[in-house]
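Here's a quick walk through one model, written for someone who likes to check contacts and angles by eye. Have the viewer open and follow along.

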Amino acid sequence: MTQKYNAACSICGQRYHVCNACQGIKTQKPWRTVTDTAACYQIYMTLHGYANGAIRKEKARKMLHECVFPNTFQPHIRALIDEIMHPDGNA
């Protein structure tokens, strides 16, 4: 049985399949509804915390240093990572 790609990773843009059970959960969303891998989800959670002001830039930078980065990023994700990783504003 072939499964259609019905989602795109919020971090890298890679297309992937999300099962109906994951899509139907209303309480705490499983990471598969947002990203294609657990590694991308770790990046997602770091950027989400930084963008919402829950994590300061220095902490976000340390957290991103511990992440495994995919080969590509969505353009807006790359811009936010550059903002965090380059404290002087020079990417």
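## A buried threonine in a loop

Start with Thr 35, which counts as buried because its relative accessibility is 0%, below the 20% cut-off for that class. Keep in mind that this is a predicted model. Thr 35 sits in the loop between α1 (20-24) and α2.

What does Thr 35 touch, leaving aside residues up to four places away in sequence? The list is Cys 9, Ser 10, Ile 11, Tyr 16, Cys 40, Tyr 41 and Tyr 44. Cys 9 is worth a click: it is 26 residues from Thr 35 in sequence, yet their C-alpha atoms are 4.2 Å apart in space.

Ser 10 turned up among the residues touched by Thr 35, and it has a loop of its own, the one between β1 (7-8) and β2 (15-16). With 28% relative accessibility, Ser 10 is classed as partly exposed.

Setting aside residues up to four places away in sequence, Ser 10 touches Val 34, Thr 35, Tyr 44, Gln 74, His 76 and Ile 77. Take Gln 74 from that list: it lies 64 residues from Ser 10 along the chain, with 7.3 Å between the two C-alpha atoms.

## The overall layout

Zooming out, the protein chain has four helices and two strands. Going along the sequence, the order is β-β-α-α-α-α.

Of the 91 residues in the protein chain, 30% are buried. As for sequence range, take the contacts between residues at least 6 apart in sequence: 47% of them join residues at least 24 apart.

## Two aromatic pairs

How many aromatic pairs does a search of the whole structure find? It finds two. In one of them, the ring centres of Tyr 41 and Tyr 44 are 5.8 Å apart and the planes are at 20°, so this pair is stacked. Both tyrosines belong to helix α2 (residues 38-51), where they are three residues apart, about one turn of the helix. Tyr 41 is partly exposed at 23% relative accessibility, and Tyr 44 is also partly exposed, at 25%.

Next come Phe 69 and Phe 73, with ring centres 5.4 Å apart and planes at 90°, so they form an edge-to-face pair. Is each of these two buried or partly exposed? Phe 69 is partly exposed, at 31% relative accessible area, whereas Phe 73 counts as buried at 14%.

## Thr 46 in helix α2

Back in helix α2, have a look at Thr 46. Its relative accessibility is 2%, so Thr 46 counts as buried.

The contacts of Thr 46, not counting residues up to four places away in sequence, are Ile 55, Ala 60, Met 63 and Leu 64. Hold on to Ala 60 and Leu 64, as both are also part of the contact that α3 makes with α4.

## How α4 packs against α3

Helix α3 (residues 57-65) packs against helix α4 (residues 75-85) at an angle of about 110°, and their axes are 9 Å apart. That angle makes α3 roughly perpendicular to α4. The crossing of the two is left-handed.

On the α3 side, the contact uses Lys 57, Ala 60, Arg 61, Leu 64 and His 65; α4 brings Ile 81, Glu 83, Ile 84 and Met 85. Sorted by class, the contact of α3 with α4 has five nonpolar, one polar and three charged residues.

## How α4 packs against α2

For α2 and α4, the packing angle is about 70° and the axes are 11 Å apart. These helices are therefore roughly perpendicular to each other, and their crossing is left-handed.

Which residues meet here? Ile 43, Leu 47 and Tyr 50 come from α2, while Ile 77, Leu 80, Ile 81, Glu 83 and Ile 84 come from α4. The contact of α2 with α4 divides into seven nonpolar, no polar and one charged residue.

Conventions:
Residues are numbered from 1 along each chain as its sequence is written. This is a predicted model: local features need pLDDT of at least 70, side-chain atom pairs count only at pLDDT 80 or more; totals for chains, interfaces and linings use all residues. Side-chain values use heavy atoms; hydrogens and water are left out. Axes are lines fitted to C-alpha atoms, for helices over the stretch in contact, and angles run from 0 to 180 degrees between N-to-C directions. Angles under 35 degrees count as roughly parallel, over 145 as roughly antiparallel, 65 to 115 as roughly perpendicular and the rest as oblique. A crossing is left-handed if the near helix is turned anticlockwise from the far one by less than a right angle, and right-handed if clockwise. Contact means heavy atoms within 4.5 Å. Ala, Val, Leu, Ile, Met, Phe, Trp, Tyr, Cys and Pro count as nonpolar, Asp, Glu, Lys and Arg as charged, and the others, Gly among them, as polar. Rings of Phe, Tyr and Trp (its six-membered ring) pair if their centres lie within 6.5 Å; planes under 30 degrees apart count as stacked, over 60 as edge-to-face and the rest as tilted. Buried means under 20% relative accessible area, exposed over 50%, partly exposed in between (1.4 Å probe, protein chains only).
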